[in-house]
Amino acid sequence: MKRRIIIAIAFCFLLCGCRQNEKNVELLHRDFYETLWERFDYVYNDIEIKEATTFDLALSISFTEKYAYDNISLVFTIFDAKGTPYRAKGYQYSLKDAKGNWKSQLTDGCYTFELPINKSLQITEPGVYRFQIEYRMPITPILGVKELTLTNMKS
């Protein structure tokens, strides 16, 4: 009897561990392999929100050696279903140290960074929301950005 209980408990733990392991959900993606990122070339995606939800947003962005800055400045905006800005915030991330060395390892010709955007962003009203990223660097077009992906990090 004791053995059956232990087996049942072990089976429950196994099922809990194998439960639907939700992956991160990609909300928008853009690659710049054949193009450059122009100053007012907003990267965006319209996303239908069916019910109140919370987002934990992170941005993965890759650079090549051609990127001329030590940092990147971005504006992340969410527009509600009426086109009104629901949330807007500027972000500035340091990509290189004081000596000009990248703070990321070079992999496949790119330096990739995982940058936090927003934790526990609540959207309470259903509708189609636009998630938009704008870069705020002084030179246009910007060289050396290869791709970016905005992700909802599932816990």
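Predicted model: local features only at pLDDT ≥ 70, side-chain atom pairs only at ≥ 80, totals over all residues.
**Entry 1: a surface patch**

I started on the outside, where Phe40, Tyr42 and Tyr44 make up a nonpolar surface patch with about 340 Å² of accessible area together. For patches I took residues with over 30% relative accessible area and no salt bridge, joining like charges within 9 Å and nonpolar side chains (Val, Leu, Ile, Met, Phe, Trp, Tyr) within 5 Å. The areas come from the Shrake-Rupley method with a 1.4 Å probe, and for residues only the protein chains shown count as cover.

Residues are numbered from 1 along each chain as its sequence is written, and side-chain values use heavy atoms, with hydrogens and water left out.

Tyr42 sits in the loop between S1 and strand S2 (43-49). Strands here are DSSP runs (E, at least two residues) and helices are too (H or I, at least four), numbered from the N terminus. Tyr42 counts as partly exposed because its relative accessibility is 31%; buried means under 20%, exposed over 50%, and partly exposed in between (1.4 Å probe, protein chains only).

**Entry 2: the core**

The largest nonpolar core has 37 residues, and Trp37, Tyr67, Phe131, Ile133 and Leu150 have the most contacts inside it. S7 gives the most to this core, with 6 residues. Such a core is a set of buried Ala, Val, Leu, Ile, Met, Phe, Trp, Tyr and Cys residues joined through side-chain atoms within 4.5 Å.

I count two strands as paired if DSSP finds at least two bridges between them. S1 and S9 pair over 6 bridges, and S3 and S9 over 7 bridges. In S9, Thr151 stands opposite Glu26, and Glu147 stands opposite Ser62.

Is S9 enclosed or open to the outside? S9 is largely enclosed by the rest of the structure, because 7 of its 8 residues are buried. Thr151 counts as buried, at 13% relative accessibility. Leaving aside neighbours within four places in sequence, the contacts of Thr151 include Asn24, Asp56 and Ala58.

Met153, in the segment after S9, is partly exposed at 32% relative accessibility.

**Entry 3: salt bridges**

I searched the whole structure and found 5 salt bridges. The cut-off is a side-chain nitrogen of Lys or Arg within 4 Å of a carboxyl oxygen of Asp or Glu.

Arg30 pairs with Asp41, the closest N and O atoms being 2.7 Å apart. Arg30 lies in strand S1 and Asp41 in the loop between S1 and S2, so this pair ties together parts 11 residues apart in sequence.

Asp46 and Arg130 also meet in a salt bridge (2.7 Å, N to O). This pair links distant parts of the chain, with Asp46 in strand S2 and Arg130 in strand S8, 84 residues apart.

Glu134 and Arg136 form a salt bridge too (3.5 Å, N to O). Glu134 is buried, with a relative accessible area of 10%, whereas Arg136 counts as partly exposed at 44%. I also noted that Arg39, Glu134 and Arg136 are linked in a network of salt bridges.

How values were computed: Contact = heavy atoms within 4.5 Å.
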